[in-house]
Amino acid sequence: MSLRAVTENYWLEFFDKTDENRDGTLSIAELKKALIENYNCTDLSDSEIEEMFRDIDKNGDGQITKEEFLSEMMKTERKTAVKEAFQKIDKSGDGKLQKAEVAAAMRDIGHFTEEEIDKMIKKADKNNDGVIDLEEFEKEVY
């Protein structure tokens, strides 16, 4: 089973456990209860939970469907994975990928010529400063 499938199953199980009345949707009360009782998120304010709820409730009907929930959770997982990949490549830790860092990462996954690496950097470097920041990296990966 792939990591994506395992992650998806985790979030589907979370949804099913949280959907106490088994109507196929989550209410704000169900989400709040699960966050506090099951995940000890006692530091979240009501307004923070409401904002989280609104972000997931894409159609704004006051209920989170399984599809809305899974889509948002998987998007969050992807963003986290992309950020972790960026940080792994950013050996200097300065928040910018230098050509040498990109070249080292590309050599780790296969054989790339200097010309191919330069082309990748130029394509990703939207502000033409010679390095790739996290925002540029995310746009290129998505």
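How many of the 142 residues of the chain count as buried? The share is 30%, where buried means under 20% relative accessible area, exposed means over 50%, and partly exposed lies in between (1.4 Å probe, protein chains only). This is a predicted model: local features need pLDDT of at least 70, side-chain atom pairs count only at pLDDT 80 or more, and totals for chains, interfaces and linings use all residues. Residues are numbered from 1 along each chain as its sequence is written, and side-chain values use heavy atoms, with hydrogens and water left out.

**Overall build**

- The chain has seven helices and four strands; helices (H or I, at least four residues) and strands (E, at least two) are DSSP runs, numbered from the N terminus.
- Read from the N terminus, the order of the elements is α-β-α-α-β-α-β-α-α-β-α.
- The radius of gyration of the chain is 20 Å, well over the 14 Å that the globule rule gives for 142 residues, so the chain is more spread out than a compact globule.
- That radius is taken over C-alpha atoms, and the globule rule is 2.2 Å times the number of residues to the power 0.38.
- The C-alpha trace spans about 60 × 35 × 30 Å along its principal axes.

**Salt bridges**

- The structure holds 10 salt bridges, a salt bridge being a side-chain nitrogen of Lys or Arg within 4 Å of a carboxyl oxygen of Asp or Glu.
- One of them joins the side chains of K66 and D16, at 2.9 Å from N to O.
- K66 belongs to helix α4 (residues 66–89) and D16 to helix α1 (residues 3–18), so this pair ties together parts that are 50 residues apart in sequence.
- K66 is partly exposed, at 29% relative accessible area, and D16 is partly exposed too, at 35%.
- Another salt bridge joins the side chains of D46 and K32, at 2.5 Å from N to O.
- Since D46 lies in helix α3 and K32 in helix α2 (residues 28–38), the pair ties together parts that are 14 residues apart in sequence.
- D46 is partly exposed, with 43% relative accessible area, and K32 is partly exposed, with 29%.
- K139 and E135 also form a salt bridge, with their closest N and O atoms 3.2 Å apart.
- Both K139 and E135 sit in helix α7 (residues 134–141), four residues apart, which is about one turn of the helix.
- Both K139 and E135 are exposed.
- A network of salt bridges links K99, R107, E114 and D118.

**A charged patch on the surface**

- D43, E48, E51 and D55 form a negative surface patch.
- Patches are made of residues with over 30% relative accessible area and no salt bridge; like charges are joined within 9 Å, and nonpolar side chains (Val, Leu, Ile, Met, Phe, Trp, Tyr) within 5 Å.
- Accessible areas come from the Shrake-Rupley method with a 1.4 Å probe, and for residues only the protein chains shown count as cover.
- Asp and Glu count as negative and Lys and Arg as positive, while His and the chain ends are not counted.
- The place of a charge is taken as NZ of Lys, CZ of Arg, CG of Asp or CD of Glu.

**Loops and backbone**

- R22 has a phi near 55°, a positive value in a residue other than glycine.
- R22 is found in the loop between α1 and β1 (25–26) and is exposed, with 57% relative accessible area.
- N128 likewise is not a glycine, yet has a positive phi of about 55°.
- The loop between α6 (114–124) and β4 (132–133) holds N128, which is exposed, with a relative accessible area of 63%.
- N128 and G60 are 68 residues apart along the chain, and their C-alpha atoms are separated by 39 Å.
- G62 sits in the loop between α3 and β2 (64–65) and is partly exposed, with 32% relative accessible area.
- G62 and D43 are 19 residues apart along the chain, with 23 Å between their C-alpha atoms.
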